[in-house]
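Hi,

Here is the structure I promised to pass on. Have a look at it first, and then read my notes below.

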Amino acid sequence: MGFLGLDTTDVAILTTVGLCSAAYFLFFKQKKAAAPQRAVVAPASATSKVAGATANARPGKKSLVDKIRSLNNEKQLIIFFGSQTGTAEDLATRVATECTKQYSLPALVCDPEEYDASEIAAWMTEEKETGEEAKVMFGFFMATYGEGEPTDNAADFYDWIMGGTGKGDDEGDEEIDDDELMDSEALSGMPYIAFALGNKTYEHYNAVGRRLDKRLARLGAVRVGALGEGDDDESMEEDFLKWKTTAMLEIAKHFKLDVTASGTQRDAPHVPLFEMVQAHEIDRQQIYFGEHSAKKPRRWSSSQESGNDNSGVRYEEIAKAATVDAKHPHYSRIARSAPLFVDVHDEYGFDSNLRLPKPGHKRYQVGACKVRIERHCLHVDLDIAGSGLKYVTGDHVGVWPVNDDEHVDRLAKALHLTDQERDSVVVLKPNAANMSAANAKLPFPAPCAIRTALASYLEVSACVKQHQLEVLAKYATDPTERDTLFALSENRERYVATIEKSRKDFAEVLEAFPSVAIPVAVVLGELLPRIAVRYYSISSSSLEEPDKVGITAVMVRYAIPSCHPAHRPEDKEHDSVVIKQGLATSWLQRLHEERTETATSCDLPSAHDEPLPLPRFHLPMYIRTSTFKLPKNPRLPVVMVGPGTGVAPFRAFVRERFFLAKTRPDIQVGATWLFYGCRHPDKDFLYRDEFEAMQKAVGAGEVKLDLKIITAFSRWEGHDKKYVQHRVQEHAAQVWDMVGVQGGSFYICGDAKHMAHDVNATLGNIAYNNGAMNSLEQGKAWVKELKTKGRYLEDVWA
Ligand SMILES: Cc1cc2nc3c(=O)[nH]c(=O)nc-3n(C[C@H](O)[C@H](O)[C@H](O)COP(=O)(O)O)c2cc1C
């Protein structure tokens, strides 16, 4: 492996890790809890030279001006990214790396949550005073979420640059009355590149990137090249590559750089960004064991008070973090986990020429040309008592998953790491030979064991990307393997057929190309993405259970045909079937099984005298506020549509309304109707017992509430296939009465592409037919207006 030696004194605690990216199961329209402030723009009349630019970063943020100055270069590119699940950050980093590699142009990728992006105004104002051409080009890689909103990390910046507007009008044509930024002319002449990330399934496609681009133009900034637009529904990567080819040339043209040496250079060796250094004799207290922390390792001790169920001991953090957020999760005990499905399977049929997985696995059965996979769905309750954490029904919970040992070991083996090497504690140090190293962000907290990095910090099951295959190719010692890897990295069609379609991870690719002798530092430091936080709609009611946070998670596991990556897609005899699984959901399932096994064997985790590196059966989590909320006035009716796991927030809504009706009958809680859909009433009907018990209490007159759970089953033998939109349509008159007449709210949670779209259309149709409207168009406009009024709310994902 070739570690450099390092003793304790050499070990700098290599700090901040950006943990803010996220892969999603659920999303939402939300707003960060803290109201963003408008920054004061540096006065246009400032007379000092660039060297004296005002560094006046907002509290808690690093100064951009100081950073630019510290780079001390003539020309440079500073790229900001707005990213929730890491794509925008990844693409921004790729452009920055390429600029440095191909043009020797220093480039820095900045998280606007970390750096005060509003200092671009201060910088530009001062730079203009020099009377020379702008030396710094800025870049904006911005993803859009929810109702056309920015990501959490870009919310402050977006609010500042848009002057507090930036919502509502996708064209970005709003005028701002008191436009400090425009008046300052600070951004006039500012060169920038821009790439918007989004998904056409959503109504507000690329709204943030588009609006920002328009606003920058209005502020006098000058875009270099075209506005890039990536559509996740088709191929973000293809859109990006197409844009990048011309953007790179435009950047070179702008800076008058020599581009003759640009292009893919197969023969140029890869210069690693980091070196991996073994940390000898390190104090155990300095080592990270998988905990997420922006600053220093964290430790836990067992609390005196034990959990009151079979989940064992509660652990308290020694020296608690002052805040809990996306960079400082709270570790919350699993108070309960319970399966929600009964005997649910998915069956996959395949051609007879495909090699099937080995039989005998506990999660799937293999038959003739068939794979049958168990489906699981869990309810998990997290205990937040005493943590100071609070949530409101409808919020989201973010959790950080851990890779399974099988995956970790497979990759470690493919990297030829011995057991001892896997357990060795290392740090990554910037490699002075790589120009980008000085600005490179460390991908995970260190020092930590390689095993920890692979298990807790890096996503080992991520699909290998084309540009990463190019890096692997450079380390292949076998000429045929090298050529194939280069071919895959250059030929999109072949790449999609052999790698992307079957979501091949690094272990699978390295196994198929055994001659690739890649340094572990490159894989850990440059190739594997960080594990991103996963979000779930909270399925418990804060009114009923303020100390518990409920998660409803269905396991993602599927079988797909897979072509051997070292062979052409036409070589069908090399095709096999592989089983893939979702990282977070399979981790929750493992935790559930471990808890169950531990409890039944009476081997409960016991208290430790020594501080624990990681508390057992505790999940790193934080609460993310959302606007997906019940009406403030509980008397108003609510109509909810949530098939499958889309029921999660509605379990919370229903329980809350039921609880309120039971404990405060004087309030007279309004009608509470849930349209729920699944395959079969006896198999995957989530929370059926709970819903039935509530309905029974209502039926018996114990609780006064107009509670209806209206079901649609799609695979119930002897019955017609039904979907939720059919049921909504069947109850058109009542739905109209509750929403159109009584002023109630309408909610949808679940699949954005089909279900949410169909339900939306159904509601428009109901409005037209029941609301004395002249046309279907009027019905649609009514739904749109309902949305504007905050009475039509969606929590949907593509
Ligand atoms: C729950 C959810 C909501 C989204 N909402 C929008 C949207 O309103 N408009 C849009 O163009 N894209 C939307 N997207 C797509 C993301 O912007 C796109 O996947 C992007 O690549 C994510 O970038 P990131 O990984 O840097 O966060 C949404 C994606 C998810 C998962």
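Let's start in the middle of things: the largest nonpolar core has 148 residues, and Leu472 and Met640 have the most contacts inside it. By nonpolar core I mean a set of buried Ala, Val, Leu, Ile, Met, Phe, Trp, Tyr and Cys residues joined through C-beta atoms within 7 Å. Buried means that 20 or more other C-beta atoms lie within 10 Å of a residue's own (exposed is 12 or fewer, partly exposed is in between, and C-beta atoms are placed from the backbone). Helix H17 (residues 648-663) gives this core its largest share, eight residues. Domain 2 (278-598) and domain 3 (638-797) both contribute residues, so the core lies between them.

Two reminders before you read on. This is a predicted model, where local features need pLDDT of at least 70 and side-chain atom pairs count only at pLDDT 80 or more, while totals for chains, interfaces and linings use all residues. Residues are numbered from 1 along each chain as its sequence is written.

Back to Leu472: leaving aside neighbours within four places in sequence, Leu472 is in contact with Leu485, Val509, Phe513, Val516 and Ile518. (Contact means C-beta atoms, placed from the backbone, within 7 Å.) There is also a second, separate core of 65 residues, which includes Met137, Met142, Ile193 and Leu197.

Now the domains. The chain is divided into domain 1 (37-255), domain 2 (278-598) and domain 3 (638-797), with bounds that come from an automatic or database domain assignment. The centres of domain 2 and domain 3, taken over C-alpha atoms, are 35 Å apart. Their contact takes 19 residues from domain 2 and 16 residues from domain 3. On the domain 2 side, S19 and strand S20 (548-554) each supply at least two residues, and the largest share, three residues, comes from S20.

Next, some strands. Helices (H or I, at least four residues) and strands (E, at least two) are DSSP runs, numbered from the N terminus. Two strands pair if DSSP finds at least two bridges between them. Which way do the residues of strand S16 (residues 396-399) point? His396 and Gly398 point one way and Val397 and Val399 the other, and all are buried. S16 pairs with strand S19 (residues 533-537) in the antiparallel sense over four bridges, and Gly398 stands opposite Tyr535 there. Four bridges also join S16 to strand S23 (residues 618-624), again antiparallel, and His396 has Arg624 as its bridge partner in S23.

Strand S28 (residues 792-797) is mostly covered, with six of its six residues buried. Strand S27 (residues 745-751) runs parallel to S28, joined by six bridges, and Tyr747 is the bridge partner of Leu793.

Last, a pair of helices. Helix H1 (residues 64-71) and helix H3 (residues 119-129) pack at an angle of about 50°, with axes 8 Å apart. That makes H1 oblique to H3. (Angles under 35 degrees count as roughly parallel, over 145 as roughly antiparallel, 65 to 115 as roughly perpendicular and the rest as oblique; axes are lines fitted to C-alpha atoms, for helices over the stretch in contact, and angles run from 0 to 180 degrees between N-to-C directions.) Leu64, Val65 and Ile68 of H1 meet Glu119, Ile120, Ala122 and Trp123 of H3. Nine of the 11 residues of H3 are buried, so H3 is largely enclosed by the rest of the structure. Its cover includes H1, strand S4 (136-143) and helix H5 (180-184).

Cheers

Definitions and conventions:
Contact = placed C-beta atoms within 7 Å.
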